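Please look over the structure shown here. The briefing that follows takes up a few of its parts in turn, grouped by topic.

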Amino acid sequence: MAGTLTSGASVETARAVCVFLHGRGQSAAQMQEEVIARLDAPDVHFVLPQSPQPAWYDVKAVDPLTGTTATQLDAALALVRAALASASRAAPGRPVVIAGFSQGACLATEYLLRGGRADAAVLLTGCRVGAPDANLPETLAASIPVYASNGDDDPWVPLWAWRKAQEALTRHGARVHSAVFPGRDHLVSDDEIEAFSSLLRRVGEGTDLPEYTT
């Protein structure tokens, strides 16, 4: 996929693959520096797709879902599906984790709740796209572990929208472990990095995640 960055363990030796989606106005390279490089997950191969535009879609996720946004979202989800499919083909038989920050976490949430397949997910400050709408699609492909985090007063993803997304995931069988960080800025904290690292290591090892319960 054009613009895709890879890092971490080689795809041949990796025990797991993680597809990580950047946020609005960010880049794959920025996420590599600010998030992926801080992780302690040496056996994971990372795939970081780059949006063709400065954002995956133009509006805030908490704005109503318009026809224009729906079209942009469909195009972004097509790229995400292609990245996940490519990762699965490159590393057959190994678990694939979908993850993202901010708009990337929103996109990952939509991927999952529209039936997209993954073995685990890490949603750092994300919610549904078109969060105020009541009739968004809700289909989860499998009961997977999901780590979801947010600040208590995030400027892009308010807690009501974040909680609504976690409720939808839980309602359809996801094993969600959620965390709210008081006073946290719009970034990925050290505690979130540790939780992300732990999930990746356990998924790669095939270890149970007892804290991720329904």
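**Briefing on selected features**

Pro155 is placed in the loop between β6 (145-151) and α4, where helices (H or I, at least four residues) and strands (E, at least two) are DSSP runs, numbered from the N terminus. This is a predicted model, in which local features need pLDDT of at least 70 and side-chain atom pairs count only at pLDDT 80 or more, while totals for chains, interfaces and linings use all residues. Residues are numbered from 1 along each chain as its sequence is written, and side-chain values use heavy atoms, with hydrogens and water left out.

- Leaving aside residues up to four places away in sequence, Pro155 touches Lys60 and His186, contact being defined as heavy atoms within 4.5 Å.
- Although Pro155 and Asp185 are 30 residues apart in sequence, their C-alpha atoms are 8.6 Å apart in space.

**Helix α3 and its surroundings**

- In α3, 11 of the 11 residues are buried, so this helix is largely enclosed by the rest of the structure; among the buried residues are Gln103, Cys106, Thr109, Glu110 and Leu113.
- The buried residues of α3 pack against the strands β2 (16-21), β4 (96-101) and β5 (120-124), and also against the helices α2 (67-90) and α4.
- After α3 comes Gly115, which has a positive phi, near 90 degrees.

**How α3 packs against two other helices**

- Two packed helices are described by the angle between their axes and the distance between the axes.
- For helix α3 (residues 103-113) and helix α4 (residues 159-171), the axes come within 11 Å and cross at roughly 25 degrees, the axes being lines fitted to C-alpha atoms, for helices over the stretch in contact, with angles that run from 0 to 180 degrees between N-to-C directions.
- That angle makes α3 roughly parallel to α4, since angles under 35 degrees count as roughly parallel, over 145 as roughly antiparallel, 65 to 115 as roughly perpendicular and the rest as oblique.
- The contact brings Thr109, Leu112 and Leu113 of α3 together with Ala165, Ala168 and Leu169 of α4.
- By class, the residues in the contact of α3 with α4 are five nonpolar, one polar and no charged, where Ala, Val, Leu, Ile, Met, Phe, Trp, Tyr, Cys and Pro count as nonpolar, Asp, Glu, Lys and Arg as charged, and the others, Gly among them, as polar.
- The axes of α2 and α3 come within 10 Å and cross at roughly 80 degrees, and these two helices are therefore roughly perpendicular to each other.
- On the α2 side of this contact are Leu73, Ala76, Leu77, Val80, Arg81 and Leu84, which meet Leu107, Glu110 and Tyr111 in α3.
- The contact of α2 with α3 divides into seven nonpolar, no polar and two charged residues.

**Cysteines**

- A disulfide is counted when a pair of cysteine sulfur atoms lies within 2.5 Å, and by this rule the count comes to zero.
- The sulfur of Cys106 has its closest cysteine sulfur in Cys127, 4.1 Å away, which is too far for a bond.
- Cys106 counts as buried because its relative accessibility is 2%, and Cys127, with a relative accessibility of 0%, counts as buried too.

- Most residues other than glycine have a negative phi, and most peptide bonds are trans.
- Ser102, in the loop between β4 and α3, has a positive phi near 60 degrees, and its relative accessibility of 9% makes this residue buried.
- Thr125, in the loop between β5 and β6, is not a glycine either, yet has a positive phi of about 65 degrees.
- Thr125 is buried at 0% relative accessibility, and its contacts, not counting residues up to four places away in sequence, include Phe101, Ser102, Ala105, Asp154 and His186.

- Gly3 lies in the segment before β1 (5-8) and, not counting residues up to four places away in sequence, touches Leu48, Pro49 and Gln50.
- Gly3 and Phe101 are 98 residues apart in sequence, and the distance between their C-alpha atoms is 18 Å.

Definitions and conventions:
Buried < 20%, exposed > 50% of the residue type's maximum accessible area, 1.4 Å probe, protein only.
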